[in-house]
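Hello,

Here is the structure we talked about. Please open it first, then read the notes below.

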Amino acid sequence: MVFTDFKSLAQVQQEYNIKYSEDNFISYIDLKHSDDFRNEFDFNLENIDVFTSEASRCENVIYPILREVYKSFVDQYTLWSHKSITYDHKLTGTPDYLISTKSELGKTILGLPLVVVVEAKQNNFIEGWGQCLAELIAAQKMNQNETQPVYGIVTDGELWQLGRLVGDIFTKEKTRIAITDLDKLFGAIAFLLADFKRLEIS
């Protein structure tokens with residue numbers, strides 16, 4: 001199997017005995033995007049049909065947002081695009097995007113995975129979350145620390161949903177964030193990275 005073989009949260013839950021919950025666990029961080037980012041982002045939205053295909057959503061919406069938030073954490077983490085990860089023959093595949101801790105060996109080596117991002121293919125969030133939870137379980141097992149949260153994002157570019165896996169409990173954030181609320185979206189993604197760092201230090 002690979003991550004994309006998992007088609008729903010329920011399928012992954014039953015396979016790995018994961019409990020499901022919903023909560024408002026995000027505390028939004030005040031992280032402002034640059035004027036250059038906003039100008040370029042608005043230009044794309046106004047002049048390019050950015051939602052016409054999966055590739056266009058990734059290139060023009062999802063990746064630019066992740067990259068802009070990542071800039072504030074570049075000393076601590078590494079941002080990966082389509083980086084394969086493998087724990088075993090079932091938990092293997094390629095997340096669309098991945099943020100990991102920095103490896104002492106440099107940017108070519110994967111550190112500890114902490115945030116995985118899945119594009120909801122054809123706006124299918126049910127399958128997107130099945131794939132994402134499988135990837136979170138793989139990340140958790142690779143990190144060899146079930147008490148350390150790992151975070152997931154599933155998005156079609158327009159709507160962003162977030163989740164957290166700690167031990168055998170997966171929690172989906174109740175608030176769904178629209179692309180029209182960039183400040184809130186930036187604050188939520190920044191929280192995932194800042195929260196991981198805080199817990200890592202404590």
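**Overall fold**

Of the 202 residues in the chain, 50% are buried. Please keep in mind that this is a predicted model. The chain holds five helices and 10 strands. Its radius of gyration is 16 Å, close to the 17 Å from the globule rule for 202 residues, so the chain is as compact as a globular protein of that length. The C-alpha trace spans about 45 × 35 × 35 Å along its principal axes.

**Surface and charge**

The accessible surface is about 9700 Å². Carbon and sulfur atoms supply 47% of that surface.

**Salt bridges**

The structure has eight salt bridges. One of them pairs aspartate 168 with lysine 19, with 2.7 Å between the closest N and O atoms. This pair links distant parts of the chain, 149 residues apart. Aspartate 168 sits in the loop between strand 8 (159-166) and strand 9 (169-173), while lysine 19 belongs to strand 1 (residues 19-23). Both ends are partly exposed: aspartate 168 has a relative accessible area of 32%, and lysine 19 has 46%.

Arginine 38 and aspartate 42 form a salt bridge at 3.1 Å, N to O. They are four residues apart in helix 2 (residues 35-47), so about one helical turn separates them. Arginine 38 is partly exposed at 30% relative accessibility. Aspartate 42 is also partly exposed, at 22%.

Lysine 71 bridges to glutamate 68, with the closest N and O atoms 3.4 Å apart. Here the partners fall on opposite sides of the 20% cut-off for buried. Lysine 71 is partly exposed at 44%, whereas glutamate 68 is buried at 10%.

There is also a network of salt bridges, which links Asp30, Lys32 and Asp183.

**A residue to look at: threonine 92**

Is threonine 92 buried or exposed? Its relative accessibility is 17%, under the 20% limit, so threonine 92 counts as buried. Threonine 92 lies in strand 4 (residues 92-93). Which residues does threonine 92 contact, leaving aside its neighbours within four places in sequence? They are Met1, Val2, Phe3, Ile85 and Thr86.

Best wishes

Definitions and conventions:
Residues are numbered from 1 along each chain as its sequence is written. This is a predicted model: local features need pLDDT of at least 70, side-chain atom pairs count only at pLDDT 80 or more; totals for chains, interfaces and linings use all residues. Side-chain values use heavy atoms; hydrogens and water are left out. Helices (H or I, at least four residues) and strands (E, at least two) are DSSP runs, numbered from the N terminus. Buried means under 20% relative accessible area, exposed over 50%, partly exposed in between (1.4 Å probe, protein chains only). Contact means heavy atoms within 4.5 Å. The radius of gyration is taken over C-alpha atoms; the globule rule is 2.2 Å times the number of residues to the power 0.38. Accessible areas come from the Shrake-Rupley method with a 1.4 Å probe; for residues, only the protein chains shown count as cover. A salt bridge is a side-chain nitrogen of Lys or Arg within 4 Å of a carboxyl oxygen of Asp or Glu.
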